[in-house]
Each structure stands twice: as structure tokens, then as C-alpha cells.
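Dear colleague,

Please find below the structure that I am handing over to you. My notes on what was found in it follow directly after it.

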Amino acid sequence: MPLAIDPLIRLTGLSKIFHTDEVETHALSGIDLDIKAGEYVAVCGPSGCGKTTLLSILGLLDTPSEGSFVLAGEPVSTLSAAQRARVRARAVGFIFQAFNLIGDLTVYQNVELPLKYRGMPADERRSAVLAALDRVGLLHRLKHYPSQLSGGQQQRVAVARAVAGRPLVLLADEPTGNLDSANGAEVTALLRELNQDGATLVVVTHDPRYLREARRTVYLFDGRLVPGAPLDVEVA
Amino acid sequence: MNGVRQDLRYAWRGLRQRPGFTLVAVVTLALGIGANTAIFSVVNGVLLRPLPYDHPDRLAMVWGHRTQEPLAELSVPEYWELGERTHAFARVGAYADGSATLTGAGAPERLRVGYMTAGVPAVLGVAPVVGRGFGREEDLPGGPAAVLLSDALWRRRFGADPSVVGRALTLDDTPLTVVGIMPPGFQLPDHYEGTGMELWAPLQLDPAADRSDRGWHFLDVVGRLRNGATLEGAAAETSALMRGMRAEHPTEYAAEFDGTSTSVIGEVVGDVRPALLVLLGAVALLLLIACANVAGLLLARADTRQREIALRTALGAGRSRLVRQLLTESVLLAAAGGVVGALLAVWGIRGLVLAAPASVPRLDAVGIDVRVLGFTAALTILTGVLFGLAPALHAIRGDLTGALTDGARAGTAGGRQRTRRLLVAGQIAIALVLVTGASLLVQSFLRLRQVDPGFRPEHLLTARIELSTVRYATSDSRRTFYRELLDRLGRVPGVRSAAMARALPMTGKLEIGDWSFVLEGRSASPPLPSDWHPADWQAVSPGYFATMGIPILRGRDFTADDRVGAPGAIVVNRTLARQAWPGEDPVGQRVLLGGGSVDSVWRTVVGIVGDVRHRGLSTEPRPEMYLPYAQFPAGTGSVTPSVSIVLRAAGDPEALVPSLAATVRGVDPDIPLSSVQTMEQAMGSWAAERRLVMLLVTGFALVALTLGAVGIYGVMAHLVGQREREIGIRMALGAVPDQILRLVVSQSAWLVAGGIAAGTAAALAAGRLLAGLLFHIRPTDPLTFVGTALILVVVAAAATVAPALRAVRTDPAHALRSE
Ligand SMILES: Nc1ncnc2c1ncn2[C@@H]1O[C@H](COP(=O)(O)OP(=O)(O)OP(=O)(O)O)[C@@H](O)[C@H]1O
Ligand SMILES: [Mg+2]
């Protein structure tokens, strides 16, 4: 079980500045955010407000320019690239808008990949992969390649890949953005089930349905959290 | 037709739009095509262009055969009996080579002279272009003195004046009448090396010669096969003839004496053929690598053109039309490469002909002719199709609808990537073959240079001297001349010592011939064939060993006291001492040379000297005996009128050239000096052919290695570029930098491992071709193979570093930001 007392994620005074050709972009500024284990948080806001940037910092793909990030009681904002990769493999599961399955690998191999990077023994890997694929209902497609699957199926494989290693937190960036409504609903239902089973979810979305799914919505505007915004409320 | 024009215009525009790609492709192809054209033009001139004889394939050389000398020249009786007793030949002729001094008009000049029987031109099917050939009378001993001029001498010395025919020339102080001019480029078989013969005189063999005197083998014999006769038949008949002679004259021949016939074409070009074929193979491999490189470039380009092609297909372009268009582009590219390559070749051929040693025959026939141009054109088109086909087929085969949608991005490039990887593995394999070959040749060359020649070549100056046999008719007059000359040379400032020999090692003609002797008290009377000990023979002056730096192992050098009338002396080399007197001390033993009256005294062994590699560093020393020139021959023979002079200089031997010339002039102003060169120069030109082949193959190997490295770099960089996103995803999924590095490096490693495996197999197979050019190293030398594989691993690793680092530095945040 995740730690009950402390928040799973604590961001304090966090900001991110991109430097490009003499232009400074303040993608995130002074973010203070706590996320508790088992929460389902939706992040929304207009395009370019910093949602993806926030998610890539939460997923340790990127480092903050200022401020601290404590994940499960451990400060992670100053780790080296290799150390971050190790934390990522253990603690974070990603679901991307563009599915991002690897075309040369089968469904099974795609799901297995993060477990390999984590150094899990082969027999454990196998049962974890099969359990995850069972969960998304794709056990019969183990040997298929991504190009042989529909978009919805590909995204379900991506979900299976994200959850197979039982990460502390699942991060999803517009997971239904490339799907039609029927497939989108399927994936949405899947994420809900995962949360009900105890997974912590941070989902970036424009999709109003998520806002309803999520227990809490965080509103970003121009790189800042909008305090007391009507949507940043606990839905009990 | 209109379609072709349109294709051409489209292709031209495509190439101009990407000048960088076009430049790299054209330069790569030009290197490959240029090298092929240059080497092919040499092969064409030397090997393929027909010899200037009538039906040269019907001509055969006739040889005796001994274990020591598999292709031995014939003696006069052997030649007569060949004509009388065989049926395979319609006609036969004999010739020999020598030299003579032309005096009269202008400075005295030493010329190479071919001596031939009157029938030789008819055998070869060649007639003089001006005048006539030798008549029957002129070919008899004591007949009218006639001479045929070469086209080159005729132009050089007589301004191509036809009226020279009928005029008299003075050759070796003898007047001769010019009877005709031979066609340009004419030479007798085996005389194509270097400048060749400049004039020809009748051989004047005596039909009534003593048929029992068979020891003097100096005739090259050529025959024209009778209609219906084959070379094999002629060889068998010659063999039977020679074995028959051995049975008739058991004391004249060793037990294994035999005979054979070989093709004249092989005789002319046989020595250089393996080297030329190796070079041709090397440039062919180079071209393959160049093709693979350009195909790789085109495939990389095809990735970016995929959308364009899919679009064209969607708009209704047929597949065959697309292939044609893409092929037009590659053939256009090849044509540009071909033109630049041909220009490179013109320049390269000039360099090759200049760099090629004189031992390569028929160099004057090397150049660009219709056949070479045809070869280059065919090669160019073939090249274009070869490197264009794979990309063209891939372009139309892939999933065309996929190219128009985004989702399946990762999957579409798969086939092309596989082809590119195969191409690179192939390049590595070919580069390995070339590098292995180059490495074997370099090692052979280095080992050859480390071989001890048996003397100390530094500080030696050598020259050839030929006495007029008219003015120096007697042995006494020759001895006096030599003694006087050596005496004066010894006193020239800067000369440590001066000596002379019949033939110096590794200079000029290497054949010094062997002569057999019997041991006193150890042979039957008359001697049995097994009693004869053959050895190469030398005639030298006192001080020769010291001047050359040949160690005297036992006994003494010749002295001025070893003169006519004094007891006969002989010095043997170590190999001969071991062979003739195993386990005994030869010094003090006596021997008698065979051949009857020429040298008829018992000679006492006075010394043993170290072995000298007379015939070149790559030939093991043979048994050799040294006779003092002053008492040789000690019978009815005469002292040789042509000798080599050798000076040991205190300093730079080249600085002695003027004083050498002045000293010779001081003794006799009409004696020409020829082949003046330092011993190191002489040895250098002896190894020049090997050196050239080694340098060329090494150059090709370096180009191949560079192209291979560029190929690996290109594929890996392209792969990493294509997979940047995938690498980002993998990082997002928790891959640490090491794992990404391993991913890229393992891809490269598989390519390299596959290439090395295939290349090693191919190099092992190709090694047999190389065997004849190697020295003291086997074509399968394991160390060379391991070393070459390592070189390729290092080069591949270097080519992979940049793409791998780029992969590791991929920003994993890319994974989240699609498009
Ligand atoms: N690598 C980068 N270099 C420079 N600027 C960047 C980089 N990544 C993001 N930005 C900038 O940071 C800001 C926030 O970008 P981000 O991708 O987080 O927005 P977003 O909220 O995800 O928008 P969208 O809804 O369109 O995906 C933008 O102004 C963007 O241009
Ligand atoms: Mg975004």
C-alpha cells in the first residue's frame, strides 16, 4: 500500500523555464501541489499552459528549473539522468496520446519492455505481462504487432504497458485524444477501474468526461495553478 | 521517347536540388569507376589486346625441363632435332638475345640485339614493313652480315628515313647491311619487358654443329602449330622428344630431363597476370562498396521521398513508370560518376604507366581505346542499375497507404532499414577482404625487405660494360683491359674497392645459368648422371667478395696469383659446400667442370663464401660457384666480353658516377657504359612490381575502409535519427542511458559481426588468388585475419560513436510531444 500519511507527490515552489534563442519561456511558475496515493487528478487548461511540462516533470522525464519534487518521501528533483531513469522504471507508468508503441516489437514485448528495464526476472515478467494484458482484454493478441491493431486496441496495450509494473503513479497525456468516442470510453472505463483498484492517476485532458471521472481537477493557466478555481475541488 | 526526356529532366532537377547528396554520390562512383577503368586499361593493354602476331593462339614455346629449371632454353642440337623429329609444329624458329655497340653516326650506343633464325618472322606471321627479312644465305655461319631495325630505333636514330635500308651500320666494329624495318611494337616473345630489342641479326646456327655437344642452352624456340595440332599434343611430343634425347645421350642429361611446350601468350604475360588479376579483383570490390554506399544514400533518401512516391501512386502513376523514373535518376548519377571517373582514369593510367616497373610487358599498349571506353560505359550503366534497383523496388513495394497516415510510422521503414543494414554488412565484408589482402601484401613486402641478400648493398655502385669482340678478340686482351680498368678504378678518390663479376645479383638478367662438375675421386669413369653436381656459375675478380660484402667463411679470396697457368682455383658458396661435400671440408678438394674442352682443368676449392640471393630476395639461394675471371675459362673458351663492375664507395655511391665514366673513357673511349645504378636502386626496381601492387591494393583498401566507415556512420546516424522518438519512448519507459547505448551499439555490432564473418569467409576463398604474390606468409595467416577484424571493429566503433552519443542524449520528454 502507498504511504498513508505523507502525500505521494509533493511539489513545492516548482518552476520550469525553457531557454531557446534568447527567449525564455516560463512554462511553469511557483507550483505547489500535493497528490495523495490513490487519487485521480485531472489536469486541464488551455493549450500551451504547461500541462505536458508538468506531466514530464512528474514522470521524471524532465527536471524542474527551481523548487522541489518529493516522490514517496524521496526528493527526486536533483537526481542524475541515470538515477531518474531507474526511479522512472520503478515508480512511473506512462500513457501517451499517440500510443507510442514500438513498431518492431510485438504486443507482448511492448508490455514487457519497462519490466526488462527495471531488471525484473523473466518468470515474474511473464506473469505480470499476462496479468496486465488480461486486464485490458488483449490476451489473444500477444504476438501481434502494433500496426496490426486498431487505435483503441493500441491504446489498451499502452495502458497494459503502463500498469504491468504496478507503478506508484500512472501519468496519462490526453490518452483519448487520438480515439473515437467509443474507443475513448473504453479506455476511460479502464482507467477508472484501475483507480478503483488503488492506482494513483494524473491525467491531462480536455475531455469533459474526465473532469467528471476525476476526484480532483487541477487548473493551469500560463504556467500557474489557478487557486480556488471552481474546478480545483475535491469531488467526494 | 518523350517519357524518357521527361524522366531525365525530372531526375536532373532532383539531383540539382540536393547538391550535397549528388556530390558525395558522384565522387564515390567516380572513385570506383575511375579505378576500374585505369586498372582495366592496363589489363586490356597487357593481357587482352592480341599480341602483334598472326593467330597468336597457334604459337607455342618449346622448352627443356629440369627440376631446377622447369622451362629451360634449348641447345643447338636440341633445336635441330626438334625440327627434324616432331610433327605438331608446321615450322619452328629459334632466337636469343644479346647486345652490341652501335658506332659510326653519333655517340657509341649499347643496344639490345635479338638474334633469330631467318624463319622466325614467318613462324610469327610478321613481315618487315620496309625492306625484307633475312635470306637463307644470311642465316648460315659466315653468311652476309644483315640486320633488321626496330621501328623505334629507325625513328630515333635514323629519322624514319626509308633509304636506310641497304645502308651499312657498324655494330661491335663489324659492318652490317640494313635489310628491313620491323613493324611498330614488334618484339619476339619474352622480349616485351622493358624497352625490348632494338634490332635483330641472323642467329646463323650451324646445321653441321657437333650433335653431341648439348650443354649450352641459350635458344628460345617458338613454333607454329600445324593445323589440327593442339598445344597439349605439342607438349606431349616435345616431352617424348626430350626423353628420347636423354636415352640417346645418357652422359649429357640428368635422369629427370624432360621437355614441354607452353603458349606464347602465357610466355609474354604469364608473370604479371596474377598481379593484374588481383588488382582487377580489388577494384571490382571497390566499385561494389561504392555502389553499396550510393544505394545506402538513395535508400536513406527514399525514406524522405516515401510520401512523394505514395502521392504519385495515388495520383495514378504506374509502378513500372516509377521504377523507370527512379532508375533514370540512378543511371544519370552513374553517368556523371562515369564521366568524372574516366577523367580520373586518364590521369591514373598515366601515373600507373610511369610507376610500373619495366618488368611489366607491353606497357606501350596501355591506354584508353574503344574497348576500355566500352568497358567503362557498360560498367557505368551496370553500376547505375545495381545501386538504383534496390531503392527503386523498395520505394514502390512498401505499404503506400501507410505512408500517408501517421500512426504506423515505426513500421514502414523496416524493409528499407533491413536492406541498408545488409548493404553495410556487405561493405564491411568487402572492406575486410581488401584490408586482409593489403595486409598480407604489406607484410610480404616488409618480410622481403628484411631478407638478408647475402651481401651489403649500401654504398655500392654498379654498371655494365661490353667490350667490342672485334677489337678485344682475344681473352688476353680482355684480361688486360679488365685488370687495367679495375686498377684505375681502385685508385679513384672515394672508391674503397672495385671489382667485377659476370653478373651481379639482382641486376639485369637474373639467369646466370648452371654448370655441372664432378668431384675428384668420387665419380665413375665416364661419370654417371648422378655424379654431376649442378651449380650457378660466376666469374669474378679478386676483391669481389670484400667489395660486395660477401663473407668468406673458410679459406681465401682469389688473388692476382690465380692467373692463367697457375693451378685452377674455385670458391663455392655455403649451399654448394653442403650439397657436394656433406659433413666434409671442401677446401682443398678438386673438381672438374663438365662440357669438355671449354674449361678442362681440375680446380681446387680455395674458399667457402656465404650464400647470396642472386635471383631476388624471394628466391632461396642456390648452389653457386665462383671462378677467378683471370683463369676462366681454362680451356678453349674465351673470357667474357661483358661484365658488371661494382664499386664500394666511402660515401654516396651516386657521386662516383662521373669518375666511373671518366675512368672507363680513360682506358678506352669507345666502350659504352650501361645500366649505371646503385645496388639499392637495382634492388628497388627488382621489388618494384611487388611494391606497386602492394601500394595500389593498400590504397584501394584504405578507400574501401573509408567508404565502409561512411556507410556504417550513415546507417547508424540515419537509424538513430529515425528512431529518436522510439528512443525517447524507451527512456520514458525507464531505459537508463547504458541500455540505450547498448541498443545502438548492438545494432552496429550485429552489422559488423555479420560483415566480418562473411568477409573472413570471402577473404579465405580469395586468398588463393593472392598466394603467388605472398612471401613467407600464408594467405590464411590467422594473425592477419584477427588483426584485420580488429581494424574493422575499431573503424566501425569510431563510426558508431557519434550516432550512439546522439541517441543517449535524446531528450526523453520528446516522447510526450508527438509531432
Ligand atoms: N522543449 C521546449 N523548449 C522550449 N519551449 C518549450 C519546450 N517544451 C514546451 N515549451 C513551451 O512551454 C510551454 C508549455 O508547453 P506544454 O507543452 O507544457 O503545453 P501544454 O499545456 O501541454 O499544451 P497542449 O495542450 O497544446 O499540449 C509552451 O509555451 C511551449 O511552447
Ligand atoms: Mg500537451
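Over all chains, this predicted model holds 31 salt bridges. A salt bridge is counted when a side-chain nitrogen of Lys or Arg lies within 4 Å of a carboxyl oxygen of Asp or Glu. As background, side chains of opposite charge can pair when their charged atoms come close.

One of these salt bridges joins A:Arg192 to A:Glu213, with 2.9 Å between the closest N and O atoms. A:Arg192 belongs to helix α6 (residues 181–196) of chain A and A:Glu213 to helix α7 (residues 208–213) of chain A, so the pair ties together parts that are 21 residues apart in sequence. Helices in these notes are DSSP runs of H or I with at least four residues, strands are runs of E with at least two, and both are numbered from the N terminus. A:Arg192 is partly exposed at 35% relative accessible area, and A:Glu213 is partly exposed at 22%. For these words the cut-offs are as follows: buried is under 20% relative accessible area, exposed is over 50%, and partly exposed is in between (1.4 Å probe, protein chains only).

In chain B, a salt bridge forms between the side chains of B:Asp97 and B:Arg112, at 3.8 Å from N to O. This pair links distant parts of the chain, since B:Asp97 is in strand β2 (residues 89–103) of chain B and B:Arg112 is in strand β3 (residues 109–116) of chain B, 15 residues apart. B:Asp97 is partly exposed, with 31% relative accessibility, and B:Arg112 is partly exposed as well, with 30%.

A further salt bridge connects B:Asp487 and B:Arg491, whose closest N and O atoms are 3.3 Å apart. Because the two are four residues apart in helix α14 (residues 475–491) of chain B, about one helical turn separates B:Asp487 from B:Arg491. B:Asp487 counts as partly exposed at 46%, whereas B:Arg491 counts as exposed at 60%.

I turn next to the two chains together. Contact, meaning heavy atoms within 4.5 Å, involves 26 residues of chain A and 20 residues of chain B. The buried area between chain A and chain B is about 2,100 Å², and carbon and sulfur atoms give 63% of it; buried area is the accessible area (1.4 Å probe) that two parts lose on being put together, summed over both. Across this interface the rule finds zero salt bridges. Three residue pairs, both residues at pLDDT 80 or more, are in polar contact between chain A and chain B. A polar contact is a pair of N or O atoms within 3.5 Å; within protein, one must be able to donate a hydrogen and the other to accept it, and residues adjacent in sequence count only if both atoms are side-chain atoms.

On the side of chain A that touches chain B, α1 (51–58), α2 (81–91) and α3 (107–118) of chain A each supply at least two residues. The largest share, five residues, comes from α2(A).

Within chain B, B:Asn44 lies in helix α2 (residues 19–48) of chain B and is buried, at 0% relative accessibility. Its side chain makes polar contacts with the side chain of B:Asp369 at 3.0 Å and with that of B:Arg371 at 2.8 Å.

Two residues of chain A deserve a remark on phi. Most residues other than glycine have a negative phi. A:Glu22, although not a glycine, has a positive phi of about 70 degrees; A:Glu22 sits in the loop between β1 (9–20) and β2 (23–35) of chain A and is exposed at 85%. A:Arg166 has a positive phi near 45 degrees, is found in the loop between α5 (151–163) and β7 (169–173) of chain A, and is exposed at 73%.

Finally, some notes on conventions. Residues are numbered from 1 along each chain as its sequence is written, while chains are lettered from A and ligands numbered from 1 in the order in which they are written. As the model is predicted, local features need pLDDT of at least 70, side-chain atom pairs count only at pLDDT 80 or more, and totals for chains, interfaces and linings use all residues, while side-chain values use heavy atoms, with hydrogens and water left out.

Yours sincerely
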